[in-house]
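Thanks for coming, everyone. I will keep this short. Please look at the screen while I talk.

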Amino acid sequence: MSAETAARPEQGDGRGNPGAMRPTHVIVCGLGGLGLRIVEQLHHRGDPVVVVDDDRGHGRGAHVLETWGVPLVEADPTVPGSLDTAGLDTAHAVVCVMAGDQGELRNLHVALHVREQRPDVRVVTSLGNAAIGRAVSADPGPGAVLDVAALVTPALVEACLLSPVHALDVAGTRFVAAGTTAHSRTTLRHLYGDLAPLAVTSEPDGVTHLCPSRDHRVGDGDRVTVLGTDEELADAGVEATTAVPLPRRGPTTRRGAGYDPDATHGRAGVLQRAVAAVVALGRESDRGLRWAIAALVGLLVLSTTVITLGYHYPDGRGLGTVDALYFTVESVATVGFGDYSFADQAVWLRLWAVFLMLAGVVTTAIPIAYFTDMLISRRLSATAGRRAASASVGHVVIVGLGAVGVSVAEALHARGRDVVVVESDPANRHLPRARALRIPVVFGDATTADALRDARVGRAAAVAVTTSDDMANIETGLAVRDLLGERRPDVPVVLRLFDRELARTVSRRFGFGSVRSIVELAAPWFVGAALGLDVLGTFPVHGHAFLLGRLRVDAGSALDGLAMRDLSLRTRVVALRRAAGHDGPHPEAVPLEHPPRRDTRFAAGDEAFLVGPDEELLAVLARSRAEPTASTRDTTGPGAR
């Protein structure tokens, strides 16, 4: 759909025709996998959406938008006027999820621009830099700053630890979603009492039932996930603790280096690799080396100029610039061939030759010393990483030290697990964070067996593949599986994939039990924040993304007066805090009703905590909001709280 078609922020009527949009809508900047999933959830809920993106590589995404009748403004969101074309003046939320090398900078740019133009609009932006995120969050306007890596880390860590336990904080009370196995053919109520059943997977057919009734019958060996407090789980005989961490051995790696396995070919590929190598060398080099090289270049330029102006043959001819540069390098390197000489030159030029040779010795020796130190340090660092990893047993191997990888490494380290990282980029900006935790880093191509053997994958307790390249992650996962051999069923191999459909297909076709889609885990947070809903957490249950959400029932909303038994069958009300306590001086002191009865009715002002599949829960959360009247829209403006 062209920019002209989308110039007016009217939502399509489902056939690609504008003109049916309500007065307010959501603008999504970025049509990558995450952006498309956000648009999908908003569109299927009936929320009008306009997408702004200038990347012509999203042909599939553009086709999907056209099918849904969602307008696409093909423009750079950071360019003035592009958001106006998308209808910023009538939008109630702007979601910034642009990806790529400059994605975070562009997200920040758009967020700040929107905040200046529309202080009342809700701005939800993806930012991984904590300092910038805090600065943006300090703005009093509505919205949220979300770090995708932080959002998905808990699910990846739990998959690595084979932990069926997910701890949830509900208004200061610890609730736990714990996995267990049914030991007899009976009802869930008989086995687990008042514990809230979240999912049942029947064996051996593998059929999963989400949020089944307590009267649902299970068979012996069926996998069950239930929710309750620690005390309730203990009374029902359900284990609610995570795996006991292995003792720490205190690896000693401090730094390391490696190479980038670029797959480009041809002249352009050679040039690209050469430029990347120079950039990597510049980032890793010491400041003194850069000054020394600058001094050497300056000496060569100065001496070339002096010799060009001052050197003369007996017949009065001088040297050209190229010959002068040649003579300068010859003198600095002290390898004179006799073709040029200062013997017959003026005294001042011979004195300059003395200075040039002495200065040349110094300015060439210093860079050579720096280069030697850097190369030896890199070799020792790489060796130290392999040496520290060589004694590892029962550790977790993390492939890829990107934002997600380093976040997972830190979380596992905090739980007392030994971690070994496999990384290919010597200039990785997250290396200092790994060094600070003294985590061994093995450098190499993780798609090959050598690097994986150096990381002791064969003796690992788990492997998490977390690079930003889906194809590389699949290839690495298959290489890890081959290397594990007979231990394959006992060692979880966790793959981070971006596309959720690809994640499901890979899990089904290749037999990986722990494939996590970044899009599926992160999208509900952005959707909830864009709608002004309180999403408190997300976690996987039997391969499905579940949300923990908090809502406050508005007077006149669809939930006001609704009995809990009439709520969506695929959601569970974890706890309820009655409205009577919100008006007091300490509303947090009002006790939670847990578990609430099925005949309990919601009332205006009640605060409820719910859990369920992402799309179901977002729909219920939205029903807690009263529809604004026309006069309210006119006086408060879109996005007002």
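Helices and strands here are DSSP runs, numbered from the N terminus: H or I with at least four residues for helices, E with at least two for strands. This is a predicted model, so local features need pLDDT of at least 70, side-chain atom pairs count only at pLDDT 80 or more, and totals for chains, interfaces and linings use all residues. Residues are numbered from 1 along each chain as its sequence is written, and side-chain values use heavy atoms, with hydrogens and water left out.

The overall picture comes next. The protein chain has 20 helices and 23 strands. Of its 641 residues, 48% are buried. Buried means under 20% relative accessible area, exposed over 50%, and partly exposed in between, with a 1.4 Å probe and protein chains only. Contact means heavy atoms within 4.5 Å. Take the contacts in the protein chain with a separation of 6 or more: residues 24 or more positions apart account for 67% of them.

Now two loops. A171 sits between strand 7 (165-170) and strand 8 (173-181). Its phi is near 50°, a positive value in a residue other than glycine. Most residues other than glycine have a negative phi. A171 counts as partly exposed because its relative accessibility is 37%. C211 lies in the loop between strand 11 (208-210) and strand 12 (217-218). The phi of C211 is positive too, near 45°. C211 has 4% relative accessibility, so it counts as buried.

On to helices. Helix 4 (residues 103-117) has 15 residues and reaches 21 Å from first C-alpha to last, close to the 21 Å expected at 1.5 Å a residue. The expected span is 1.5 Å times one less than the number of residues. Which residues of helix 4 are buried? They are G103, N107, L108, V110, A111, V114 and R115. Down the axis of helix 4, these fall within an arc of 165°, so they line one face. That arc is taken over the directions from the helix axis to the C-beta atoms. On the other side, L105 and E116 are exposed. What do the buried residues of helix 4 pack against? The partners are strand 1 (25-29), helix 3 (82-85), strand 4 (91-96), strand 5 (122-126) and helix 5 (130-137).

Helix 10 (residues 287-310) has 24 residues and should span 34 Å at 1.5 Å a residue; its end C-alpha atoms are 34 Å apart, which agrees. Its buried residues include L289, A292, L299 and I307.

Two single residues. E40 is in helix 1 (residues 33-44). E40 counts as buried because its relative accessibility is 14%. Leaving aside neighbours within four places in sequence, E40 is in contact with W68 and R500. R387, in helix 12 (residues 347-389), is exposed, with a relative accessible area of 53%. R387 and V442 are 55 residues apart in sequence, yet 9.1 Å apart in space, C-alpha to C-alpha.

Last, cavities. A cavity is a set of points, on a 1 Å grid over the protein atoms alone, where a 1.4 Å probe fits but cannot get out; lining residues have an atom within 4 Å of a point. How many cavities of 30 Å³ or more does the structure hold? Three.

Key
1 Å grid on protein atoms, 1.4 Å probe; cavity = no way out; pocket = protein on both sides within 12 Å on 5 of 7 lines; lining within 4 Å. Points joined across faces, edges and corners; volume = space filled by probe spheres on them.
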